[in-house]
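Dear colleague,

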Amino acid sequence: MPRQISYQWRLRELMAARGMFTVAELMPHLTERGITLSSSQVHRLISGTPERLSLPVLATLCDILDCTPADLIATSAQNLPARRAAGEEAPINPAARRPTRVRLTPEG
């Protein structure tokens, strides 16, 4: 059965719990641990949900916030409804198959 996986990036929430609310407050912590990112990159990390993240950055964020990757990335999964197999017939709705009669009217 197919499953849909989703995740929630919780960096902003964890920063707020530790009294950090801006890019400027996070940047020095990253720099002192050897992570060099521009302020716009850090802003995107905080305000958005990254599609890709390097392991050194993830490990550094965990060290700064004293958390685990599971705290930063909340995941969930759910089963999707099964799709019909090729060649398997769908239930037939007779009303949907009946054509409607066309009425012709004289021009006038």
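**Salt bridges**

Glu13 is partly exposed, at 44% relative accessibility (buried is under 20% relative accessible area, exposed over 50%, partly exposed in between; 1.4 Å probe, protein chains only). The model is predicted, so local features need pLDDT of at least 70 and side-chain atom pairs count only at pLDDT 80 or more, while totals for chains, interfaces and linings use all residues. Residues are numbered from 1 along each chain as its sequence is written, and side-chain values use heavy atoms, without hydrogens and water.

Glu13 forms a salt bridge with Arg10 (2.7 Å, N to O), the term meaning a side-chain nitrogen of Lys or Arg within 4 Å of a carboxyl oxygen of Asp or Glu. The count is 3 salt bridges. Arg33 pairs with Glu32 at 3.1 Å, N to O, and with Asp63 at 2.6 Å, N to O. Arg33 lies in the loop between α2 and α3 and Asp63 in helix α4, so this pair ties together parts 30 residues apart in sequence. Shared partners join Glu32, Arg33 and Asp63 into one network.

**Helix α3**

Helices here are DSSP runs (H or I, at least four residues) and strands likewise (E, at least two), numbered from the N terminus. In α3 (residues 39-47), Val42, Leu45 and Ile46 are buried. These buried residues fall within an arc of 95° seen down the axis, so they line one face of the helix; the arc is that of the directions from the helix axis to the C-beta atoms.

Yours sincerely
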